[in-house]
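Please read them with the coordinates open.

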Amino acid sequence: MAWPRWSPDGKSIAFIQHGETDWVGQIVVVDLEGRERFRSRRLETVCSLAWTPDGREIAFTTDHGAHRPGVIAAMDFKGRTRELLSTGEELFLMDIDPRGRMLLSAFTETCHHMLEGKNGFAELDLPFRAEYA
């Protein structure tokens, strides 16, 4: 189980269920009793998810299995998917705020954090840097 997230109404939890060795997985939603309410089809690449503010979709990072990094998509509970953003950079969706703005991390030579605003995405000047050994 990866990326567990509370629903906006607090009645469900969404998470990603991966295989043991790859990014292939499914988005799963359970209620507070642990009963499964939704399971997506098998997704070739899925990581980092967040609920949309209205709770009708779950947004996630993917490449649609096409080795095309930097795709943020949203899936409704009928399994329909739409693309929200495609940049060509390796992105991770960190969260979505109540107004629907996405907080993203882009991994290049250094780590960049971006916040969606009125005029697109702006880089955040956060007081830390990613360090990789």
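The numbered points below go from the whole chain to single residues.

1. Basis. This is a predicted model, in which local features need pLDDT of at least 70, side-chain atom pairs count only at pLDDT 80 or more, and totals for chains, interfaces and linings use all residues. Residues are numbered from 1 along each chain as its sequence is written, and side-chain values use heavy atoms, with hydrogens and water left out.

2. Secondary structure. The protein has 12 strands and zero helices. Strands (E, at least two residues) and helices (H or I, at least four) are DSSP runs, numbered from the N terminus. The pattern along the sequence is accordingly β-β-β-β-β-β-β-β-β-β-β-β.

3. Of the 133 residues, 38% count as buried; buried means under 20% relative accessible area, exposed over 50%, and partly exposed in between, with a 1.4 Å probe and protein chains only. The accessible surface is about 8400 Å², and carbon and sulfur atoms hold 50% of that; the areas come from the Shrake-Rupley method with a 1.4 Å probe, and for residues only the protein chains shown count as cover. Among contacts (heavy atoms within 4.5 Å) between residues at least 6 apart in sequence, 24% join residues at least 24 apart.

4. The β5-β8 sheet. Four strands form an open antiparallel sheet in the order β5-β6-β7-β8. Strands pair if DSSP finds at least two bridges between them. The edges are β5 (47-51) and β8 (81-86); each has a single partner strand, so one side of each is left without a neighbour in the sheet. From one strand to the next the twist averages 25°, with axes fitted as lines to C-alpha atoms and angles running from 0 to 180 degrees between N-to-C directions. Strand β7 (residues 71-76) is joined to β8 by five bridges in the antiparallel sense, and Ala74 stands opposite Arg82 in β8.

5. Strand β1 (residues 2-6) runs antiparallel to strand β2 (residues 12-18), with three bridges between them. Arg5 has Ala14 in β2 as its bridge partner. This hairpin has five residues between its strands, and Gly10 takes a positive phi near 75°. Seven bridges then pair β2 with strand β3 (residues 25-31), again antiparallel; here Ala14 is partnered by Val29 in β3.

6. Nonpolar cores. Which residues of the largest nonpolar core touch the most other members? They are Ile27, Leu49, Ile58 and Phe60, in a core of 14 residues. A nonpolar core is a set of buried Ala, Val, Leu, Ile, Met, Phe, Trp, Tyr and Cys residues joined through side-chain atoms within 4.5 Å. Elements giving two or more residues to this core are β2, β3, β5, β6 and β7. Another core, of 10 residues, lies apart from it and has Ala50, Leu85, Leu93 and Ile96 among its members.

7. Two buried loop residues. Thr52 lies in the loop between β5 and β6 (57-62) and is buried, with a relative accessible area of 11%. Leaving aside neighbours within four places in sequence, Thr52 is in contact with Pro8, Glu57 and Ile96. Asp97 lies in the loop between β9 (90-96) and β10 (102-107) and is also buried, at 18% relative accessible area. The Asp97 side chain reaches the backbone nitrogen of Arg99 at 2.9 Å.

Conventions. A polar contact is a pair of N or O atoms within 3.5 Å; within protein, one must be able to donate a hydrogen and the other to accept it, and residues adjacent in sequence count only if both atoms are side-chain atoms.
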